[in-house]
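Work through the exercises below with the sequence and the model open. Each task is followed by a solution in steps.

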Amino acid sequence: MKTITAGVLGAGRIGKIHANNLMAMPGVRLKAIADPFADFKSWPGPAVAASKDPEDVLKDPEIEAVLVCSSTPSHADLTDAAARAGKHVFCEKPIAVDAARVRATLETVKRSGVKLQEGFNRRFDPTFARVRRAVVDGEVGDVQLVRVTARDPAAPPIEYVQTSGGMFADMTIHDFDMVRFLSGAEVEEVHAYGANLVDPAIGAAGDIDTALVSMRLSNGALAVIENSRQAVFGYDQRIEVLGSKGGVEAFNETPARTVLRSGAGVRHENPLYFFLERYQRSFVLELEAFFASIRGDREPPAGGNDGLMALLICLAAQQSLLENRPVRVGSTAGAGAKKSQ
Amino acid sequence: MHTENLVHSVPDAYVKAVASPRLDQAWVDALGIPIRATDVDVILNDPEIEAVVVTAPSGRHVELIRRAAAAGKHIFCEKPVAFEPQAIEQAQAAAKAAGVKLQVGFNRRFDPGLLQMWQAVQRGDVGEIHQLRVTNRDPKAPPVDFVKRSGGLFFDFAIHDFDTVRFLSGSEIVELFAAGAVLVDPEIGKAGDIDTAIITLRLANGALGVIDCSRQTNYGYDQRFEVFGSKGSVFVDNTTATTVVSSSKGGVVAEKPHETFVERYREAFVAELAAFVASVRDGSPVRVGAGDALAAVRAAGAARTSHLEHRPVTLADNVQAVGGGQRR
């Protein structure tokens, strides 16, 4: 297997996870990490060059691939810069929260002839990938109904909510991608109900913490997403697809598989607490797939267009919530698309 | 089924007569029912009969309720009482004027699983309700002839789900958005109906609900319910005839859900009649009444409008729809 030399931009929580995964990954050499705000005293160690300046990574001719893990507002600029420097890019989602900005970056990437993968890690979760395979292999027949249940264990701090871009952009965007991924179809229309039931401070910040989003897909199927910012029993991540031949469902994963039986009842384990635990494996698998795409000169499995589509659905959902009507995807003002219906 | 349940499983009831245009004499004899009639007047004019169970075709429900009420009989009526809210109001008024009880066949309210779920919600186990989900899917699509006279998916099928949402939440549906599709059988579409739907809704208590319906699973009668709230969630899963699990190289295979509503809600069908008989005997209010039928039909009507007009629909006059017994 050809070894690919890689660099990481951004050493926050997700940057560290990716960097650590790369250091343990066969066929990849992590050469450099850059983050203006990190001190790099105890990490990543002597084997990896650490710098405050992203240019140090972008200018290094030996580095073929770059992981953009910086804060969201810098994703598009860094992806552009990396693409222009001829480096393949893995970018955390979202590239940008403005559709026109995303399109500009996709154009730059295309002109540069590099590969772009976006961090829709859930597609690589073995359980969810298995559900997708049940669809691809025809085990459920034609897709008719899709349900995504996604509930966080606890509401984020209000400071986070204020800069998150809203629940749909911050949280539901993964679920929009999951609906597209599972169905293999495009979301054509969205209707969103939202509520503020978990924390009044979230409502005061102009956001919602509970939502039901109903969708109509290009293959005729219907879909629904259930979101909450707070499931007190743990990270609630379940999906279900009903098709013409049957259905497939994925349940929550637990730290262990015990059942405790007593006079009080039969107690199962709570779900894994949050996304770092639940999707640990998917973070490795998405990067393996990225490097395999580079080696095999194939399109990455979750490309920039997937990010753009998820963003357009998100914008439609935001508008639906605002105006309480079904909204066609791509028709919203911020989508930069031709015409509203 | 109701007759057999009354005879075999409701000890407090004595079935004196059964009336229907078509009856199997051997079946009636086997049940030990003394009077078999083709004319309902035989029942309505019998002074000894205190209560009637109406299982005639839906189109005759209101007429039979009015006649039974006028004859002073307590009434158990299968759903739907009627498709038109005004007709249900007439039936309700007739029962009220006659001072007789009118219970409606929303059998799920008597299912042991759903009852326990309701109790858990009442106890506060889930805290404040944030979300409810009802999954209601038939194993096989019905014949198109049935679809044509069924009243449509929202009135024939989802009607139970609207009632379940009201029952579990203890709240009223104030607005809903219905997305429907024809994905199972094109003939259903040609008959002007749909076979697949997702209905999202808002409740008066602020919670959100979702109902997903399909006329065909191919894996049995799929009946699952979830209530999610500030302190946790409660879930009712499908039930199976046995709990056998077979493991082999091909996989670990458990039994499919029950194939029909008759099996899935066997206990509920008995319990609803036992409760009706108890209400008649004790003079206690029925647990599910015409007001509940009215609210469910109004929701079904709103869902149909939402689907046809492609917009969310408010149930503006829903406040008046609260009825039935035992509501707090």
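**Exercise 1: the domains of chain B**

Chain B is assigned domain 1 (2-107) and domain 2 (108-259 + 289-315); such bounds come from an automatic or database domain assignment. This is a predicted model, in which local features need pLDDT of at least 70, side-chain atom pairs count only at pLDDT 80 or more, and totals for chains, interfaces and linings use all residues. Residues are numbered from 1 along each chain as its sequence is written, with chains lettered from A and ligands numbered from 1 in the order in which they are written.

Task: describe the side of domain 1 of chain B that touches domain 2 of chain B.

Solution. 
- Step 1. The C-alpha centres of domain 1 and domain 2 of chain B are 27 Å apart.
- Step 2. Contacts (C-beta atoms, placed from the backbone, within 7 Å) join 15 residues of domain 1 of chain B to 15 residues of domain 2 of chain B.
- Step 3. On the domain 1 side, helix H5 (85-98) and strand S5 (102-104) of chain B each supply at least two residues. Helices (H or I, at least four residues) and strands (E, at least two) are DSSP runs, numbered from the N terminus.
- Step 4. H5(B) gives the most to this side, with 6 residues.
- Step 5. By class, this side of domain 1 of chain B has 10 nonpolar, 3 polar and 2 charged residues. Ala, Val, Leu, Ile, Met, Phe, Trp, Tyr, Cys and Pro count as nonpolar, Asp, Glu, Lys and Arg as charged, and the others, Gly among them, as polar.

**Exercise 2: the domains of chain A**

Solution. 
- Step 1. Chain A has domain 1 (4-114) and domain 2 (123-279 + 309-335).
- Step 2. Their centres, taken over C-alpha atoms, are separated by 28 Å.
- Step 3. In chain A, 6 residues of domain 1 are in contact with 8 residues of domain 2.
- Step 4. The domain 1 side of chain A divides into 4 nonpolar, no polar and 2 charged residues.

**Exercise 3: confidence in chain A**

Task: what is the average pLDDT of chain A, and where is the pLDDT below 50?

Solution. 
- Step 1. pLDDT is the predictor's confidence in each residue, from 0 to 100. Chain A averages 95, and 97% of the residues score at least 70.
- Step 2. The pLDDT is below 50 over residues 336-341 of chain A, a stretch with 8 contacts in the model beyond near neighbours in sequence.

Methods
Two residues are in contact if their C-beta atoms, placed from the backbone, lie within 7 Å.
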